[in-house]
Amino acid sequence: MWKKEGVKIGQSVGKSVPRRETWEKVTGTAKYINDISNPGLLHAKIAISPHAHAKIKSIDSSEAMKIPGVRAVITGQYYLILTGSPLADRPPIAIDKVRYYGEPVALVVAEQEYIAEMAALQIKVEYELLPVVLSPSDAFQKNAPLIHERLAEYKRSEEVYPEPGTNIANRTKIRKGNMEEGWKNSDHTVEVEVTLPQSDHAAMEMRCCTVQILPDEKVIIHSASQSPFVIRRAISQSFHIPLHKVIVHTPLVGGSFGGKAAIQIEFLAFLASRAVGGRAVKLVNSREVDMISSPVHIGLDAKIKLGCTHEGKMMAAEILHLFDGGAYSDRGAVMSRAGAVDCTGPYRIDNVHCDSLCMYTNHPYSTSFRGFGHPELTFAIERAMDLLAGRVGMDPLEFRFYNAIGAGDTSPTQTLLDKSNLGDLPMCIAKLKTLIHWDDHPTRETDGHLIKAKGVCCFWKNSNTPSDAGAGAVIVFNPDGSVNLLCGAVEIGQGTRTSLTQLLAERLVMDDQMIHISTEVNTETDPHHWKTVASRSTFLVGNAILNAADDAIVQLKNIAAIVLQCSPTDLEVGAGKVFLKDRPDMGIAIEKIANGYKFPNGNTIGGQVIGRGSYAMRNLTSLDPETGKGNPGPEWTVGAQAVEVELNTREYTYKIVKATTVIDAGKVINPEFARSQITGAMSMGLSLASREAFLFNNKGAVLNPQFRTYKLIRYGEQPEYFVDFVETPHLEAPYGLRGIGEHGLIGMPAALANSLSIAAGIELNHLPLTPEMIWRTIHDSV
């Protein structure tokens, strides 16, 4: 190991270094979008629909325009456009009809935020009510009211297969093996129906955006977003502006969990600025508007049928997923595809028939949420797995171990799996078994009216990224030998930009404190990055950074070779210098050559060392529309989870006692970050499973659009958390890492339901698992 000023070098990967933005955050100096306020800034507010499905007969904005300080009122007729990816089905402001409660019907621009708010309430809209569709199962019925009559006309991108004349925005099919043989060889079968409701992302920071259009038509956008480069492309395409004239800035983002990957308020803020001559306009959602008007967490109705032999070997799976995409498809169409890709869970099942559909309903529209369809599919398959284990008479953990997918097996999309792209699920299960003392205590223990029970589950997740997703990176050496790192990964609270400096420090064998990275992403100066989603940033940007580092190392060696009069192949880089491999004491400090080298006689060679690197996904393919065959992503992250509960059978209340996760992380880059990420995700998953849900009335209105009535898990309700890792390197990733940002959440709803089902002695297949729901399930079944 090399040392510089007492700091150990060459061990950045695997160290728990502090976040780069820690000081700014704890001192309150960190700047978020809503902290920025410039003189002359105007404010926009949304007027929303009080109906879930209705024709717009007329809009009267005359009273709003009379209010002093109101500069403009915009309706859907102002700029007729349809947005959305992979299916362009959504107007930024409703045009002919509204399709969900909370949909924007007008936009007010005013000199003060309170004036815009007041004016938005004065807009009068005449509606003609239409029949509402309130669940994906209802939407699937042949006689269901159509939510999108012109589905056939919508522009498509990526893989999306809408079915005109229905409420199906996308259908993904998996056809693997021979179902007839699978059922013939099944001695035991089970059938399960599950439902998971829509819910909120509940990030601390509401969605927020500022847009200004300069006289030269350059568009400057500041947005709290996970997708600054997607915003740039979407604004460019939708409003026919040259791409280079759209500049997006994203500073620190106050949480997101997938909800800020969608492009919504950026369209609105652009239209607002355009309506007032290009002046800077800020649009900030209130909490209530953020919950019902902006996109939400997807829901699911699912039917699962599984079959296995007398010995417990899985033979067949027949699955129907009806995802609640809401009024517009957005990323719900892609999430429904993800729900098909990994539909079996991490188990070897050779005969699979799955239809995974994104359904239009008159609910708020859905977008990415931590886990991207996997918490939902995992809940469905794991409830069925527990039931089938009981039918066979096997221990539920042993049943999962016996059927765990492994190297040499194939995924539902018929991708051949190996240790690198899959990891080691049996090892995760074995570690979990030890951690939760599975064999030391019975699964169910009774103490009077209190019952303790443990439930388990397994999970896996493929990233489901576009086959051309990629990233770039630039590293710039400063005259003092330090480095500036430029990349497009957004800091949404997960510590990614810090972890990326660790990867670079490891490759350059230098102190990570010598690497500088800003907290802001600027699309004008930073290299392109697909978007900060899918637990892909350390993989995509990390590989680009390593390539940039290698490029810089070549430059450093070439300059040093001339100075030291040797071959570049004789040299090594590390500890702030370039030195001879065989004579480490002979070398030259990087700071002397970082901006070129000047000989004593004045001659100069080289120039500033700037390393460039990029990386794009490799060997991914589209899925066959009839069979689902294809390679959807570079690797799977696998893991096993458990939850222990204590159920009070008098009151049907329960306490979550312990929650445990073992995950194959490939290589843990920052142990403290990794444990925090997984623990936070587990807490989210338990909150989601135990209480979170939008409550709708029979007309589709959201009844709990605020935190007084929409309950989140609280500090005193948190269980004791246990996290451990298996490390099976993914050979294509930087230092073998795997994405882990979402994965602690994925199995928590299933593990909680499994533990409570054991405790209550009844199958609990519907979220959220409130005491009332448990009581109703027990008593309604009698």
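Modeller: Let us begin with helix α6, in which Pro228, Phe229, Val230, Ile231, Arg232, Ala234, Ile235, Ser236, Ser238 and Phe239 are buried. Please bear in mind throughout that the model is predicted.

Biologist: What makes α6 a largely enclosed helix?

Modeller: A residue is called buried when its relative accessible area is under 20%. In α6, 10 of the 12 residues are buried, so the helix is largely enclosed by the rest of the structure. The elements that cover these buried residues include β14 (219-223), β15 (246-250), α7 (265-275) and β27 (521-522).

Biologist: Why is the contact between Glu117 and Lys45 called a salt bridge?

Modeller: The definition asks for a side-chain nitrogen of Lys or Arg within 4 Å of a carboxyl oxygen of Asp or Glu. The closest N and O atoms of Glu117 and Lys45 are 3.9 Å apart, so the pair meets the cut-off of 4 Å. Glu117 lies in helix α3 (residues 113-120) and Lys45 in strand β3 (residues 42-48), so this bridge ties together parts that are 72 residues apart in sequence.

Biologist: Are these two residues buried or partly exposed?

Modeller: Glu117 has a relative accessible area of 37% and is therefore partly exposed. Lys45, at 7% relative accessibility, counts as buried.

Biologist: What makes Arg171 buried, and what is said of Glu163?

Modeller: The relative accessible area of Arg171 is 18%, which is to be set against the cut-off of under 20%; Arg171 is therefore buried. Glu163, with a relative accessible area of 23%, is partly exposed. The side chains of Arg171 and Glu163 meet in a salt bridge, with 2.5 Å from N to O.

Biologist: Which parts of the chain does the salt bridge of Lys431 and Asp724 tie together?

Modeller: The side chains of Lys431 and Asp724 meet at 3.7 Å, N to O. Lys431 belongs to helix α13 (residues 425-435) and Asp724 to strand β36 (residues 720-726), so the pair ties together parts that are 293 residues apart in sequence. Lys431 is partly exposed at 29%, and Asp724 is partly exposed at 23%.

Biologist: How many salt bridges does the structure hold, and which residues are linked in a network of them?

Modeller: The structure holds 34 salt bridges. Arg19, Glu21, Lys25 and Glu491 are linked in a network.

Biologist: Why is strand β19 described as largely enclosed?

Modeller: Of the 13 residues of β19 (residues 314-326), 11 are buried, so the strand is largely enclosed by the rest of the structure.

Biologist: How do you know that β19 pairs with β18 and with β20?

Modeller: Two strands pair if there are at least two bridges between them. Strand β18 (residues 299-308) and β19 pair over 10 bridges in the antiparallel sense, and Lys303 stands opposite Leu320 in β19. In the hairpin of β18 and β19, 5 residues lie between the strands, and Gly312 takes a positive phi near 100 degrees. Strand β20 (residues 351-360) is joined to β19 by 10 bridges, and these strands run parallel. Cys354 in β20 is the bridge partner of Ile319. From β19 the chain crosses through helix α9 (residues 332-341) to β20, in a right-handed β-α-β crossover.

Biologist: What makes β7 and β9 edge strands?

Modeller: An open sheet is formed by 3 strands in the order β7-β4-β9, with antiparallel pairing. β7 (97-98) and β9 (124-129) each have a single partner strand, so one side of each is left without a neighbour in the sheet. In β7, Val98 is the bridge partner of Ala54.

Key
Residues are numbered from 1 along each chain as its sequence is written. This is a predicted model: local features need pLDDT of at least 70, side-chain atom pairs count only at pLDDT 80 or more; totals for chains, interfaces and linings use all residues. Side-chain values use heavy atoms; hydrogens and water are left out. Helices (H or I, at least four residues) and strands (E, at least two) are DSSP runs, numbered from the N terminus. Buried means under 20% relative accessible area, exposed over 50%, partly exposed in between (1.4 Å probe, protein chains only). Contact means heavy atoms within 4.5 Å. A crossover is right-handed if, with the strands pointing away from the viewer, the path from the first strand over the helix to the second runs clockwise.
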